[in-house]
Amino acid sequence: MKKIIFCSFVACIPSLLFSQSKFAQLDQELPTPNGYRTAGGAPGSDYYQQKADYKIAISIDDKTQILSGEETITYTNNSPDKLEYLWLQLDQNVYSLDSDSKLIEVEKMEDFKSIGDVKKKLFHYDGGFKVESITTTSGQKMSYAINKTMMRINLDKALMPKGSISFKIKWWYNINDRMAVGGRSGYEYFEKDDNYLYTIAQFFPRMCVYNDVEGWQNKQFLGKGEFTLPFGDYEVSITVPSDHIIGATGVLQNPNNVLTVEQKKRFEQAKTADSPVVIVTQAEAEQKEKNKEKGTKTWTFKASNVRDFAFASSRKFIWDAMNVKVGANNVMAMSYYPKEGNPLWERYSTKLVAHTIKTYSKFTIDYTYPVAISVHSKWIGMEYPMICFNGGRPEEDGTYSEDTKYGMWGVIIHEVGHNFFPMIINSDERQWSWMDEGLNTFVQYLTEQEWERGYPSRRGPAHLIADYMRGDKKYISPIMTNSESIFQFGNNAYGKPATALNILRETIMGRELFDYAFKMYCERWKFKHPTPADFFRTMEDASAVDLDWFWRGWFYGSDNVDISMDNVKWFQMNTMNPEIENAIKKNQYENRDKGISEIRDVDAIKQTVNEADPAIDDFYAKRDVFLVDALDKKEYEEFMNKLSTEDKKLLNSNKQFYELSFTNKGGLVMPLIIEVTYVDNTTQVFRIPAEIWRMYEYKVSKVFILDKEAKSFRLDPFLETADTDLNNNSWPANEEPTRYELFQQKKMNENPMQRQKRVEEIKN
Amino acid sequence: MKLKQALLLCILFVTTSLSAHDYFFAFAEMKYNEVSGRIEATVTVTTHDYERSMRERGVLDQEISKLADNEEAYAIFQSDINKGFSMIVNGKQIIFNLEGIEVQLTGLTNFHLSAEVPSSITKLEMNFNLLMETFIDQQNKITFIYRNSKTSYEFLQNKKTQEIVLSNEK
């Protein structure tokens, strides 16, 4: 193991056979900078975005679960282009009988194993939009064409730059039973008290985005790739049963018409409260469940500079609220939930909303909307501007498991966090899910860690993504893949980008550089439409860290991290002092491995011939090769005389040299983080930037000059690179236990059922 | 006979859901323990995906954490996991024994399994279609550890079975 090096200079001839593809700049992958978007990742001097303002009046029929509506859209063309037609999104048509979403499912006969499978495949629910009319504001019919989830309105006269147009649409649709049909919105029916809870979104024809990147973003809605919408101002009137409570995007305009005196008083109290104030109590909600009113009321909300509108309505709602101060803004954090959500919801929801907008504001931009709402909606999590629908329901007996609690916490933080990505930093979800889900999951992780120390976050820490990243690359999509074509949506669009950002923050850039650049991206693109290139460029431009290799590996590629520590060679400096070096050689000779015959012959052969006859041994036999003679001393003296004082000090420093060799087995280059443990059990960490791989992408070596002798080396000791195989990360070799082995190690002698039986015995 | 059983089970049915934020994966870590002659495995699923699948298939309608100590439910879990994570050796299915369930606060659940296999084993056939019946986007993966070497095998809707050869090379 121990080798001797000589004080000589060895000229290294670099291999000519290298490629730098992993470190090639992203010039070809990124769009050419222009007047709309700069090379530094900021909006350019010509940047523009369209505006879509809505005045909507809708009603919900609580008996038929039909939503009917009429809207006036005013669309302003801020682009330099003339528009011959307008595109609108009819997302609800994903539930039309002729929807492509079911047609594109891959099927085999083995999918029809039971009558339930057959029923499932034959089940048809007609939930698409029924567009009744599209007219000008003066009532003239407009020509239009519906292509699945998209609708084109043909303009008699092109809409010129800076021009605007207003038109009316009238429609209705069957609201989906979310518990049976599924969906991001819909209704939940509570059989016990015969009541409905509506969480309503994508309920109106909405303008598509038109921009400098794609023209009209009119890619069909197939189910996964969510929404991309222009900003605008909304005024929405919602007519529902008179005993319903509504939570919605925006600010309630007519509290005097819809709230009781007591509710208004409590609402006013909540505006300055630093803990939740209950505006509608559980007892009041339960009373309404039993004694349903027959009339209707119309609630009116206004919201400025939002990209969408959603709401929730039910007579079952308990409602609480508190004030949150974010910068100069006062924000109302609010929750709406049925009694079935308690005791979890009354205790945590609004506090989680408040914590989320405060923490996100710290890492991104100040939250500027007036309200932030969490609505309890069994099983799902879905986001809209200022309002989101979240799962996390206790058992009927009011108990809940710890994982239900963490599940509820996580989903509320995540969905409220979506206010920032993509509601304010308005990326194109239909194209790139990771730009909102990934960035949001990353800040969700930071927010969870500030909620509770050691919070068991599902995503963020690098080692949690390793399972996903290893394996056949054919079935692992690059992050830069369109939302509809992604293998493993959750890991690809949420987990991997969140992990990548966490690695950038903790390992590649450091917190200070990362946080500044990330915040800069958010500031630059708040209330605008960023693209991936804008994000990649800003992160580099604001930090002076060349991250092209990182984007290429983590976002454009599907390689995984598996760096093995192949070999460790130990060297010590040759002191050239014959007294020292010969003693070492003698010691090595005396302690060499001896063969079995040699060992046994020591006793078995009493005397050899040369031991008995002194005339046998000649000069060679008598010579002591380890003896330091006058010539050795003279040569050493001459060598030392040539050295400076500094050289002599270095020569006698007892430095330990370790040459470590690494192989990049997974393909994804990462920094080398190496922890050395010395013989005295102290440790030291070395961090080698990923650029060590820039010329030699698959094999590198590095020499560590240490003051003390090392006992062991470990690669990635803090699990920060997402290395998929830790078994090749240690010297001496160390096999990591499997999950099964870890489970066996901590398993009690009795299984959980046996333990439960003992608990029962104590009770009895 | 099979149809009759299915009819009893299928109390609920749900169309292809468009709800947001499901996860659609299951991972398994498997190792051949040459000393004990057993295959040891941990199947990891997203808890709410698995709970939803159990609910929609009419198998169980409660949280896993509430059922992990329940003897009857334990048997149902063992049966269900063996249907979605089945091992064929020499043409015969080897049943995994469910040795423990760990519901983690991160939202993942581990099912720890082991099964005795013939000592002459050189290859095994794995069918890992867990949750694929419920989620069309489900994708599963096994990482097989043999003599300190790890190899991964992917399972998709159109590739539910893979042969695993016990060697250090895939």
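Colleague: How many salt bridges does the rule find across the interface of chain A and chain B?

Modeller: Bear in mind that this is a predicted model. A salt bridge here needs a Lys or Arg side-chain nitrogen within 4 Å of an Asp or Glu carboxyl oxygen. The rule finds six across the interface of chain A and chain B. One of these pairs A:Lys746 with B:Glu102, with the closest N and O atoms 2.7 Å apart.

Colleague: Which elements of chain A each supply at least two residues of the side that touches chain B?

Modeller: Several helices and a strand do, among them helix 8 (402-417), helix 12 (489-508), helix 22 (739-746) and strand 23 (381-384). By class, that side of chain A has 25 nonpolar, 21 polar and 30 charged residues.

Colleague: How many residues are in contact, and what area do the chains bury between them?

Modeller: On chain A, 76 residues are in contact with 63 residues of chain B. The two chains bury about 6,000 Å² between them, 53% of it on carbon and sulfur atoms. Polar contacts link 20 residue pairs, both partners at pLDDT 80 or more.

Colleague: What lines the second largest cavity?

Modeller: Its volume is about 40 Å³. The lining includes A:Val561, A:Met670, A:Leu715 and A:Asp723. Its classes are seven nonpolar, one polar and two charged.

Methods. Residues are numbered from 1 along each chain as its sequence is written. Chains are lettered from A and ligands numbered from 1 in the order in which they are written. This is a predicted model: local features need pLDDT of at least 70, side-chain atom pairs count only at pLDDT 80 or more; totals for chains, interfaces and linings use all residues. Side-chain values use heavy atoms; hydrogens and water are left out. Contact means heavy atoms within 4.5 Å. Buried area is the accessible area (1.4 Å probe) that two parts lose on being put together, summed over both. A polar contact is a pair of N or O atoms within 3.5 Å; within protein, one must be able to donate a hydrogen and the other to accept it, and residues adjacent in sequence count only if both atoms are side-chain atoms. Helices (H or I, at least four residues) and strands (E, at least two) are DSSP runs, numbered from the N terminus. Ala, Val, Leu, Ile, Met, Phe, Trp, Tyr, Cys and Pro count as nonpolar, Asp, Glu, Lys and Arg as charged, and the others, Gly among them, as polar. On a 1 Å grid over the protein atoms alone, a cavity is a set of points where a 1.4 Å probe fits but cannot get out, and a pocket is an open set with protein on both sides within 12 Å along at least five of seven lines; lining residues have an atom within 4 Å of a point. Grid points are joined across faces, edges and corners, and a volume is the space filled by probe spheres set on the points.
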